[in-house]
Amino acid sequence: HGPLAPISFNSSMELPFIRENLGTKGLRRNPENMPVYTPPVLGSGEMFDSISGRYDAINRIMSLGMDQSWRRRMVDALEIKAHERVLDLATGTADVAIIEAQNQPSSTILGVDPSAKMLAIGREKLEAFGLENRVTLKLGDAMDLNGIEEGTFNKVSMAFGIRNIQDRLQALKEMRRVIKSEPTSRLAILEFAEPSGGAMEFFARMFIKHVVPVVGALLSGKWNEYMHLEESIMAFPSSEEFSMMMSEAGFKVISTESMMFSSVILYLATPG
């Protein structure tokens with residue numbers, strides 16, 4: 001392939017769309033056949049549809065402008081080489097996919113996310129950066145990548161998405177299935193964690209538990225959605241437990257790197 005050749009997926013490939021028992025815009029019909037609003041499932045693609053418009057701006061504010069540096073650190077850790085294929089899961093508005101494409105100009109990237117509205121914003125950003133020919137965005141579910149053949153990708157990434165997945169082990173097994181079994185293959189997962197330890201960790205924990213969700217809720221007007229952020233972080237396994245889960249899925253964890261006073265952790269692994 002030439003340096004800008006797109007990934008050669010099967011022409012018939014379609015990642016499974018996220019289907020929920022919802023009518024248009026979250027409306028169900030009751031026995032009287034009257035539409036009744038049903039709130040989105042927290043952590044679902046529909047939830048992210050509801051906050052997509054301000055998502056990027058709120059991320060920058062809540063992270064004090066550091067979220068993009070964390071993403072760049074994850075992409076650097078992947079060590080993407082020339083002409084490699086990269087899969088970015090929970091790609092959202094394509095922040096990571098864009099950084100990956102810029103990091104290695106001859107790489108090709110597939111971004112997958114369950115939110116159609118987030119992907120629509122991502123496509124606008126790709127056009128603005130002139131990357132629409134190298135980065136493809138698809139609606140899909142990290143737990144079910146059945147449109148992708150085994151051993152398709154050299155590198156797999158996921159930033160701030162694994163905690164929202166119902167069956168994390170299944171998603172990790174799917175990542176293992178689609179990544180090449182080569183020494184240079186890498187999986188990088190970036191995720192929030194509950195800070196613990198010294199004084200700075202205490203302040204970081206208070207910031208994540210109280211400041212971040214309230215600021216997000218006020219800026220977005222979506223209280224439940226941003227309260228879910230704090231709850232999902234508290235419910236996520238410890239770094240040791242999650243590393244064991246990655247091992248169970250068939251990966252060998254190379255390192256875990258803590259950032260922002262242990263409130264953000266980068267997991268780096270290779271196929272076991």
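Predicted model: local features only at pLDDT ≥ 70, side-chain atom pairs only at ≥ 80, totals over all residues.
Which strand is Met259 found in? Met259 belongs to strand S8, which covers residues 251-259.

**View 1. Met259 and its surroundings.**
Met259 counts as buried, with a relative accessibility of 12%. If we skip its neighbours within four places in sequence, Met259 is in contact with Trp70, Arg73, Leu190, Val264 and Leu266. Look for Phe192 as well: Met259 and Phe192 sit 67 residues apart in sequence, and their C-alpha atoms are 9.5 Å apart in space.

**View 2. The largest nonpolar core.**
This core has 31 residues. The residues with the most contacts inside it are Trp70, Met74, Val135, Phe160, Leu190, Val264 and Leu266. Val135 touches Ala97, Ala101, Ile109 and Leu126, leaving out residues up to four places away in sequence. Another core, of 30 residues, lies apart from this one, and Ile148, Val156, Leu169 and Ile265 are among its members.

**View 3. Aromatic rings.**
The structure holds five aromatic pairs. One of them joins Phe236 and Phe242, in a tilted arrangement with 5.1 Å from centre to centre and 50° between the planes. Why do we call Phe236 buried? Phe236 has a relative accessibility of 8%, and anything under 20% counts as buried. Phe242 is buried too, at 0%. Elsewhere, ring pairs link Trp70, Phe160 and Phe192 into a cluster.

Helix H9 runs over residues 239-248, and its buried residues are Ser239, Phe242, Ser243, Met245 and Met246. They cover an arc of only 155° around the axis, so they are on the same side of H9. Turned away from that buried side is a face with the exposed residues Glu240, Met244 and Glu248. What covers the buried residues of H9? The cover includes helix H6 (168-178) and strands S7, S8 and S9. After H9 comes Gly250, with a positive phi near 110°.

In one of them, Glu257 pairs with Arg73, and the closest N and O atoms are 3.0 Å apart. This pair links distant parts of the chain, as Glu257 in strand S8 and Arg73 in helix H3 are 184 residues apart. Both partners are partly exposed: Glu257 has a relative accessible area of 26%, and Arg73 is at 33%.

Arg163 and Glu191 form a salt bridge, with 2.7 Å between the closest N and O atoms. Arg163 is in the loop between strand S6 (155-159) and H6, while Glu191 is in strand S7, so the pair ties together parts that are 28 residues apart in sequence.

The side chains of Glu174 and Arg177 meet in a salt bridge, at 2.8 Å from N to O. Both residues lie in helix H6, three residues apart, or about one turn of the helix. An α-helix has 3.6 residues a turn, so residues three or four places apart point the same way. Glu174 counts as buried at 8% relative accessibility, whereas Arg177 is partly exposed at 24%.

Note on methods
Residues numbered from 1 in each chain as written. Heavy atoms only, no water. Phe/Tyr/Trp six-rings, centres within 6.5 Å; stacked < 30°, edge-to-face > 60°. Buried < 20%, exposed > 50% of the residue type's maximum accessible area, 1.4 Å probe, protein only. Core = buried A, V, L, I, M, F, W, Y, C linked by side-chain atoms within 4.5 Å. Contact = heavy atoms within 4.5 Å. Helix = DSSP H or I, 4+ residues; strand = E, 2+ residues; numbered from the N terminus. Arc of directions from axis to C-beta. Salt bridge = Lys/Arg side-chain N within 4 Å of Asp/Glu carboxyl O.
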